[in-house]
Amino acid sequence: MGSANAGPEYAAAEKKYFNAESLDDKIVCLDDMIRTCPKHKSSEKMLAELKTRKIKLLAKLDKLKKSGKSSRKGIRKDGPQAVLIGFSNSGKSSILNALSNASPLIANYKFSTKAPVIGTLDINNVKVQLIDLPAVDSEFFDKSLANTADLLLLVVTSFSEISQLEPFLVNSSGKRLIIMNKSDLLTLDDQRRLDSKLRTNKLNFLFFSTKVFDPSVINSLKSRILEQFDIMRVFTKEPSKKEHSGIPVIMKPGSTVEDIANKIHKGLISDIKEIRIWGPSSKFSGQKVGLKHVLKDLDVVEFKTR
């Protein structure tokens with residue numbers, strides 16, 4: 001749908017609209033088309049047609065939701081998973097941008113995130129799947145990801161928002177970390193009082209602000225996120241090499257050598273002739289162990305096969 005005096009932003013949004021595969025994505029693109037559509041007399045008809053098209057797509061999407069079907073492909077859980085949850089303009093997208101490789105749309109207007117945005121957070125060789133969910137107060141919020149995620153990062157700007165988020169999290173079982181965002185807007189006295197209130201309620205929290213870019217603060221948040229996961233990192237090493245692989249296998253605490261062997265390859269156990277370990281669970285470097293040996297975080301395992 002071309003338009004007189006339509007700018008490059010509109011043309012880009014229109015191109016994305018025609019390439020979009022899901023209803024959610026088409027609605028997102030339509031919103032961008034409506035926002036960037038020229039606002040003058042000659043474009044009134046085109047703007048009305050765009051709004052009518054959006055109403056029809058929303059009705060279709062609502063029908064799909066009521067039938068229990070989905071308009072988009074599910075997000076595959078890949079290792080530790082954390083989701084950013086909050087109200088519109090809480091700063092979720094800015095946090096995703098600061099912590100990961102994702103480039104979400106960051107805007108001052110409400111509901112700029114209309115579909116889950118996935119990023120990867122790399123912390124101490126652990127790759128965490130970080131997802132920015134649409135605001136809970138928007139029609140695009142999907143509880144399913146909040147219900148299954150390992151960690152809920154509750155992004156709030158006031159103490160009252162914490163309890164206001166509860167109705168959206170009744171079926172969530174993941175751990176919670178409250179990110180008190182936009183702390184740069186608080187006076188020292190306000191922050192002191194808020195800190196005391198959060199501690200009194202025994203909440204897991206930290207203060208944060210994406211407006212004050214400080215690598216040490218960002219790294220501190222990354223470390224706090226990693227601490228929330230019930231995992232351990234186990235490295236593998238080839239017999240012919242001195243160093244380990246550098247990329248850990250993520251395991252649950254209490255896992256054994258047999259567990260990691262099965263995770264690497266189901267048939268590996270039958271081919272193993274010797275196992276050696278280095279690290280916290282070993283009595284000495286290169287200790288020979290059996291399949292039932294219980295591993296610890298940062299262990300290095302070497303399998304010699306037949």
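This is a predicted model: local features need pLDDT of at least 70, side-chain atom pairs count only at pLDDT 80 or more; totals for chains, interfaces and linings use all residues.
Which residues is arginine 233 in contact with, leaving aside its neighbours within four places in sequence?

Residues are numbered from 1 along each chain as its sequence is written, and side-chain values use heavy atoms, with hydrogens and water left out.

**View 1. The protein chain as a whole.** The chain holds nine helices and eleven strands; helices (H or I, at least four residues) and strands (E, at least two) are DSSP runs, numbered from the N terminus. Of its 306 residues, 43% are buried, where buried means under 20% relative accessible area, exposed over 50%, and partly exposed in between (1.4 Å probe, protein chains only). The chain exposes about 17000 Å², and carbon and sulfur atoms supply 51% of that area; accessible areas come from the Shrake-Rupley method with a 1.4 Å probe, and for residues only the protein chains shown count as cover. Among contacts between residues at least 6 apart in sequence, 59% join residues at least 24 apart, a contact being heavy atoms within 4.5 Å.

View 2. H2 covers residues 23–36, and its 14 residues should span 20 Å at 1.5 Å a residue, which agrees with the 20 Å between its end C-alpha atoms; the expected span is 1.5 Å times one less than the number of residues. Twelve of the 14 residues are buried, so H2 is largely enclosed by the rest of the structure. Among the buried residues are Leu23, Ile27, Val28 and Ile34, and also Asp24 and Asp31. H1 (residues 8–19) and H2 pack at an angle of about 160°, with their axes 8 Å apart. That angle makes H1 roughly antiparallel to H2. The contact joins Glu9, Tyr10, Ala13, Glu14, Lys16, Tyr17 and Phe18 of H1 to Lys26, Cys29, Leu30, Asp32, Met33, Arg35 and Thr36 of H2. Axes are lines fitted to C-alpha atoms, for helices over the stretch in contact, and angles run from 0 to 180 degrees between N-to-C directions. Angles under 35 degrees count as roughly parallel, over 145 as roughly antiparallel, 65 to 115 as roughly perpendicular and the rest as oblique.

**View 3. Tyrosine 10 in helix H1.** Tyrosine 10 is found in H1 and is buried, with a relative accessible area of 2%. Its C-alpha atom is separated by 9.6 Å from that of cysteine 29, 19 residues apart along the chain.

**View 4. Arginine 233 in strand S7.** Arginine 233 lies in S7 (residues 232–237) and counts as buried at 15% relative accessibility. Leaving aside neighbours within four places in sequence, arginine 233 is in contact with Asn124, Val126, Leu226, Pro248, Val249, Ile250, Lys296, Asp297, Leu298 and Asp299.

**View 5. Helices H4 and H8.** The axes of H4 (residues 92–99) and H8 (residues 215–228) come within 10 Å and cross at roughly 95°. The two helices are therefore roughly perpendicular to each other. Ile95, Ala98 and Leu99 in H4 meet Ile218, Leu221, Lys222 and Ile225 in H8.

**View 6. Two loop residues with positive phi.** Most residues other than glycine have a negative phi. Asparagine 125, in the loop between strands S2 (117–123) and S3 (126–132), has a positive phi of about 70° and is partly exposed at 44% relative accessibility. Lysine 182 has a positive phi of about 60°; its loop runs between strand S5 (175–180) and helix H7 (188–200), and its relative accessibility of 31% counts as partly exposed.
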